[in-house]
Amino acid sequence: MLQNLTGWHFLIILVVVLLLFGAPKLPGLARSLGQSMKIFKSEIKSDAVDPDPNAPTPSASTTGNDASKTSGPTAAGPADPAVKP
């Protein structure tokens with residue numbers, strides 16, 4: 001999509017932006033854009049660092065001899081689509 005844009009195209013876009021917003025408003029526009037990018041980056045970093053607080057934690061007992069594991073049919077819970085009220 002942007003492969004065909006050359007230096008002249010960017011120059012024309014810059015002139016159009018200058019005409020639309022005016023030279024005095026451009027520093028404020030750039031400042032607000034920079035602040036928005038800074039907030040966006042900090043939110044992305046915080047999401048990558050913080051795990052989901054609702055996520056289940058792995059249990060301490062993860063051996064193969066767990067007594068709670070049974071074979072055979074289990075009781076259907078309310079979230080089971082096969083159970084109709």
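**Close-up views of helix α1 and its surroundings**

**View 1. The residue after helix α1.** In this predicted model, G22 follows α1 and has a positive phi, near 85 degrees. The helix that precedes G22 comprises 15 residues, and its span from first to last C-alpha is 21 Å, close to the 21 Å expected at 1.5 Å a residue.

**View 2. The nonpolar patch.** W8, L11, L14, V15, L18 and L19 together form a nonpolar surface patch of about 660 Å². One of these residues, V15, lies in helix α1, which covers residues 7-21.

**View 3. The chain as context.** Two helices and zero strands are assigned in the chain. Of its 85 residues, 1% are buried. The accessible surface of the chain is about 8,300 Å², and carbon and sulfur atoms account for 66% of that area.

Definitions and conventions: Residues are numbered from 1 along each chain as its sequence is written. This is a predicted model: local features need pLDDT of at least 70, side-chain atom pairs count only at pLDDT 80 or more; totals for chains, interfaces and linings use all residues. Side-chain values use heavy atoms; hydrogens and water are left out. Patches are made of residues with over 30% relative accessible area and no salt bridge: like charges are joined within 9 Å, nonpolar side chains (Val, Leu, Ile, Met, Phe, Trp, Tyr) within 5 Å. Accessible areas come from the Shrake-Rupley method with a 1.4 Å probe; for residues, only the protein chains shown count as cover. A salt bridge is a side-chain nitrogen of Lys or Arg within 4 Å of a carboxyl oxygen of Asp or Glu. Helices (H or I, at least four residues) and strands (E, at least two) are DSSP runs, numbered from the N terminus. Buried means under 20% relative accessible area, exposed over 50%, partly exposed in between (1.4 Å probe, protein chains only). The expected span of a helix is 1.5 Å times one less than its number of residues.
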